[in-house]
Amino acid sequence: MNLKLLGILSKLKNVWIRYPLVVLMSVLMAFCAIYLVDSNYPKSIVEFNITKLLIVSALGISLTYALNLLAQRIGKSLVFSGLGVVFLVGFYFVLPKHEADFTEVYSYLLIIVFILSHLLVAFIAFLKPENTENNFWQFNKNLFVNFILTLIFTFVLVGGVELAILAIDQLFEMDFDGLIYPKVFLFFLIFGSTLIFLLFNEMGLSSLEKEGEYPVVLKFFTQFILIPLLLIYVVILYLYAAKIVVQWELPRGWVSYMILAYSIVGILALLLVHPLKEKTAKSWVKVFSRVFYYTLIPLLILLFTAIFTRILNYAYTEPRYFVLLLAIWLSCLVLYFTFFKKANIKFIPISLFVFGLFGLIFPYLNAFSVAKRSQKNDLERLLNENNLLVNGKIDFNQSVSDTLIHSIESKFEFLDERFQRTYLLTFLNEKAQKKVPENHYWNMSDFFSEVISTTGQRSYMRKNLVATTKFQDISTYAYSIDEDVLRQEAVDINGDIFTFNTGRGQAYQLILNGKDSVDFAPQFKALFEQHKGLSEESKVEHLFMVENLGKYEVKLGFESINMSQFKNDPPNYWLSNAQFFIKEKS
């Protein structure tokens, strides 16, 4: 027993010595996640900074692991560790200072950076020609197997620990805080999984790239499940392509993602069976390995047609840019593996990394620059084609279609989220500029509803207000009735019968003894008028309203209220956790 314990401690020590920064990043990420679970006060700058630390430390796990592998290959461990820390500190300050500035642009940035950091792990130790293709494959195969094993071990460990805590809590009446369960889950999911993965890779690069037997489970999965499914899938895509040719119609937008999914999963399948394709693989595996890149050629034509259809109609956005970039990358793969007899599978992750880095940081041609420039050009085109500009300013006295206003709104919203408000203000006259909020969020729907005339009502409008404080002071009220109860049955209070009536439009009535009634709907309308400058879903300090009903004073309190309006219909209101508080008037 002591020998086993000493063996485990020795392995943990080796992990710490070999991967100190990776361990530290996982600890930092775990504690940031636990802190955010534990924080129950309103969102603050502190919470947002902790969230940024969590993001950076999550990136740091894969990045420092990749740099560690490079250091194992060529030495200079301190240099690469220092470079990794400098990059992560810099990345922390690239992220915005305030949560309101954290727009979807940063989501795209994070997704691409995380993908690139994981691609680095795949190839960074195999850049030199003497690092053979077989060693490269063995390394990534072992990483893949270790990753799957890590997932299994982690969820078994998490489940066992959570059940142990639950058993102690229930059997010994410990009355643990309910937050202990998500905290334990996050700690083991982040730090525990990282530690388990590193234990599998304890011996380092030399062990990971060592040639070993091909896993039987992996062979079975790839040959008998993955590749047959891909063959079925490509037949479906070809039938869809034939339908487009026969009916002579443009492809649907989602077909781009279907083709990308087939391409990427197919490349993964080829990589998984790479050592087998000329040896013991089943005949369909050999056929698939030889013809896969040829099957991509007509699908790539369909992919380029679909993506350019979207771009020409709606201009570039970051997702469309990256879909186009992936299409170009796939075309390069087809050319490379079709015409180069000595094609090396290392080309796949290295080329994808180069393309991703290009789309992220290349001046003028990166995704963010192209998307902003394209949307600006499309906005100017819309305004000029519809004669909405007078001396360079939008003429808000013209009546235009609801569809056009929606298109202009979406352009304004897209560019405002990318910090182009100064550019957008150049299109607004002085009167319109006064209606622009000073804070970051600009509700385009409300803004254009106020300043421009349309050829009809907006087709659909929705807003939701959420209270940060529950019901204010209700201590002076003698009775309370849940709205849900009143919807089902009448309620008797000291011989007085209360009933409830609601429906589409303005009805939200509390009725006393079948005669007197009070309708809260006008107050709902006034409430949304009061907060019309806020976003589609906004937080307000409290939500309640007071009315007199016969000899009673009634206070209606609720946690949130939703308003929706379709075409020319009256607005509809839905309340969450609504209660009526009732007392006799003094």
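**Contacts, salt bridges and a sheet**

Modeller: Let me begin with Gln375, which, leaving out residues up to four places away in sequence, touches Tyr314, Ala315, Tyr316, Thr317, Arg320, Lys411, Phe414 and Leu415. Please keep in mind that this is a predicted model.

Biologist: Where does Gln375 lie, and is it buried or exposed?

Modeller: Gln375 belongs to helix α14, which covers residues 367-385, and it counts as buried because its relative accessibility is 3%, with under 20% being the cut-off for that label.

Biologist: Which side chain has a polar contact with that of Gln375?

Modeller: That is Lys411, whose side chain is joined to the side chain of Gln375 by a polar contact of 3.1 Å.

Biologist: Why do Glu318 and Arg418 count as buried?

Modeller: Glu318 counts as buried because its relative accessibility is 1%, and Arg418 is buried because its relative accessible area is 4%, both values being judged against the cut-off of under 20%.

Biologist: Which residues form a network of salt bridges with that pair?

Modeller: The network links Glu104, Glu318, Glu417 and Arg418. Within it, Glu417 forms a salt bridge with Arg418, and the closest N and O atoms of that pair are 3.8 Å apart.

Biologist: What about Asp416, which residue is its salt-bridge partner?

Modeller: Asp416 forms a salt bridge with Arg421, where the closest N and O atoms are 2.9 Å apart. Asp416 counts as buried at 5% relative accessibility, and Arg421 also counts as buried, at 16% relative accessibility.

Biologist: New topic: what is the strand order in the open sheet of four strands?

Modeller: The order is β7-β8-β9-β10, and the pairing is antiparallel. The edges are taken by β7 (491-493) and β10 (516-519), each of which has a single partner strand, so one side of each is left without a neighbour in the sheet. On average, neighbouring strands of this sheet are turned by 25° against each other, with direction ignored.

Biologist: How many bridges join β7 to β8?

Modeller: Three bridges join them, β8 covering residues 496-502, and the two strands run antiparallel. As one example, Ile493 has Asp496 in β8 as its bridge partner.

Biologist: Last one, what do the totals look like for the chain?

Modeller: The chain has 20 helices and 16 strands, and 43% of its 586 residues count as buried. Among contacts with a separation of 6 or more, 70% are between residues 24 or more positions apart. As for the surface, the chain exposes about 31600 Å², of which carbon and sulfur atoms supply 63%.

Notes
Residues numbered from 1 in each chain as written. Predicted model: local features only at pLDDT ≥ 70, side-chain atom pairs only at ≥ 80, totals over all residues. Heavy atoms only, no water. Buried < 20%, exposed > 50% of the residue type's maximum accessible area, 1.4 Å probe, protein only. Contact = heavy atoms within 4.5 Å. Polar contact = N/O pair within 3.5 Å; in protein donor to acceptor, adjacent residues only side chain to side chain. Pairing = 2+ DSSP bridges. Axes fitted to C-alpha atoms, helices over the stretch in contact; angles between N-to-C directions. Salt bridge = Lys/Arg side-chain N within 4 Å of Asp/Glu carboxyl O. Areas by Shrake-Rupley, 256 points an atom, 1.4 Å probe, with all protein chains shown as cover.
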